[in-house]
Amino acid sequence: MIRSWRIWIAVSACLCLALAGVVWLSAFALRLDRADRQARESAAREENARLALWRLDSDLLPLVARESAVAAEAYDSVSPARGVLDSRRRPMPEGTVFLASPLLSRLPEHVLLHFQLAPDGTVSSPQVVEPGLRDTVGAALPVEDATVLEDRLQELTALLRGTDLRRALAEPPLQTRRAEARTEPANTLADISQVAKNVSEYSARSRSANQAVRQSQGMSNSNVYPDVFPEADAPLPTEEGDVMRAVWVGDTLLLGRRVRLEGQEYIQGCWLDWPGLRTWLLGQIRDLLPSAVLEPVRGREAQGDGRMLAALPVRLVPGQAPEGGYGTASISSLPVVLTVAWSGVLLAGVAVVALLVGVVALSERRGAFVSAVTHELRTPLTTFRMYTEMLAAGMVPDEARRQEYFDILHREAERLSHLVENVLAYARIERGRAPARLERVPVDAMLERMEERLAQRAAQADMELCVDVPSGVAVLTDPSAVEQVLFNLVDNASKYAAPAVDRRIHVELEQRRGRVGLSVRDHGPGVDAATARRLFEPFSKSVQTAAKTAPGVGLGLALCRRLARSMRADLRYERMSEGGARFVLWLPSA
């Protein structure tokens, strides 16, 4: 018992260590898998963000290019016409012919008002025409209510009064002020690589936007507003100026540029409808970033992380990832693999414990068997030694007494022979002997051959064997194995039912569901519930049990069940309500 506890402590310690190792490996694998999925999700998000930025800049460039292509003279409601000829094809003096501004047509989409800031701070708009010219150029006025445009001009004038717009436009472009660092610090090599990629993409978008805007400066008013100049082919000249740029004035988004007209610097541009423009832009990228947000970038905030638009001072915030991720596999196979692995580990642990339980139990049963066999051998050997010494010394002169001693020696010899036969038969089965050779045998003929031997064993215990087997019933079995099983059952009944008043041992036949049962029944005390659970376990009788019960080592019933199953039969114990024990050998019917 002490040794078994030591074994269990050692095995438990090993299993705990193995389990701790598997838990640590599982946690480590899950952590790596989570980091990998987050990295792939982040890469997919950044890729969608880059595609969205390219798409946004591509959508915005036509608007910026269109405004950049407007001639500087177009920001006056009327401007002197150049190169105009009279009916005789003679040049007319400059200042005698005036043209209405092309900006007097309908306002372009996402533009609230065009404006011009004079050197003296006066803010004017080509869409807001002086009352004296309203009737003259009325045909070119937009459909919008003139009062609304006047109100917008007053609002813009008040807004620019407290803002140094010239200084804002004179600062270096955002492309030259961008920082290499992200808003969030890059902690890993993958983050640093992502920052570099974002910055490279931003530079490429900025170059593309600048090139498009520069090219647009060569366009004419007729190309931008063909409904005003339907037959103009040559571009109208513009004064030298900056590229049209977007700046924030409070919450108002303006497109502006500095131009020099007649040696003085003017600010020309337009007031953009940022709420409407933002809604339109987010709709353009909803398939890539459903929860994206566009944030204004002002002043030094322009030092961004590569997610700024090249056309506007606006940063793209991708927002939360949609369900299912950004087109990546959101379901990992690692939990399934770990579940299978854990199932295997648990099954292996259960198998090890079960094997150890079996080995320890078998070791304990074999130890008990050795003790029981020693006890069983000691009694007959003592008898042999004592009686043979008395007979050899001539201490038994009475012939009847000598015959009695010879009968005792004969019974002890049979007892030893039966014990040795059972042990050897069980050992053959344990080593895996060849399967029994089955043959078709009539039950009555088979029992007739072995009835004498069974009756003799019952008679030795002063009991009577009663065989009740009808004829005409055949089974498929091994007769020698059946004889050994029945002999063991009759032997047990002779030993354990000896104190019974009814000293009959019944051998009977019954048929059930295509099987034939040979039952051995006695009228003894029967088997208690605790013993019934261990009836067919080998070596189940200890030396203490053997000393208190009938002789035996607890191997007979285990041997009988093994023999029965080797010939495709089975041996069962059935409890009797009226007392006694009943064992049934179920054989396949022939």
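## Two loop arginines

Arg 513 sits in the loop that links strand E13 (504-512) to strand E14 (515-521). Helices (H or I, at least four residues) and strands (E, at least two) are DSSP runs, numbered from the N terminus. The model is predicted, so local features need pLDDT of at least 70 and side-chain atom pairs count only at pLDDT 80 or more, while totals for chains, interfaces and linings use all residues. Residues are numbered from 1 along each chain as its sequence is written, and side-chain values use heavy atoms, with hydrogens and water left out.

Arg 513 is not a glycine, yet its phi is positive, about 55°. Most residues other than glycine have a negative phi. With 83% relative accessibility, Arg 513 counts as exposed; the cut-offs are under 20% relative accessible area for buried, over 50% for exposed, and partly exposed in between (1.4 Å probe, protein chains only).

Arg 568 lies in the loop between H15 and strand E15 (570-575). The phi of Arg 568 is also positive, near 60°. Arg 568 has a relative accessible area of 55%, so this residue is exposed.

## A buried tyrosine

Tyr 75 is in the loop between helix H1 (2-68) and strand E1 (78-80). Its relative accessibility is 1%, so Tyr 75 counts as buried. Leaving out residues up to four places away in sequence, Tyr 75 touches residues including Glu 67, Ser 101, His 114, Phe 115, Met 244 and Arg 257. Contact here means heavy atoms within 4.5 Å. Tyr 75 and Pro 102 are 27 residues apart in sequence, and their C-alpha atoms are 8.7 Å apart in space.

## Helices H12 and H15

Helix H12 (residues 479-496) packs against helix H15 (residues 556-566) at an angle of about 155°, with the axes 9 Å apart. Axes are lines fitted to C-alpha atoms, for helices over the stretch in contact, and angles run from 0 to 180 degrees between N-to-C directions. H12 and H15 are therefore roughly antiparallel (over 145 degrees; under 35 is roughly parallel, 65 to 115 roughly perpendicular, and the rest oblique).

Gln 484, Val 485, Asn 488, Leu 489 and Asn 492 of H12 meet Gly 556, Leu 557, Leu 559, Cys 560 and Leu 563 of H15. In H12, 14 of the 18 residues are buried, so the helix is largely enclosed by the rest of the structure.

## The whole protein

The protein has 15 helices and 16 strands. Of its 590 residues, 40% are buried.
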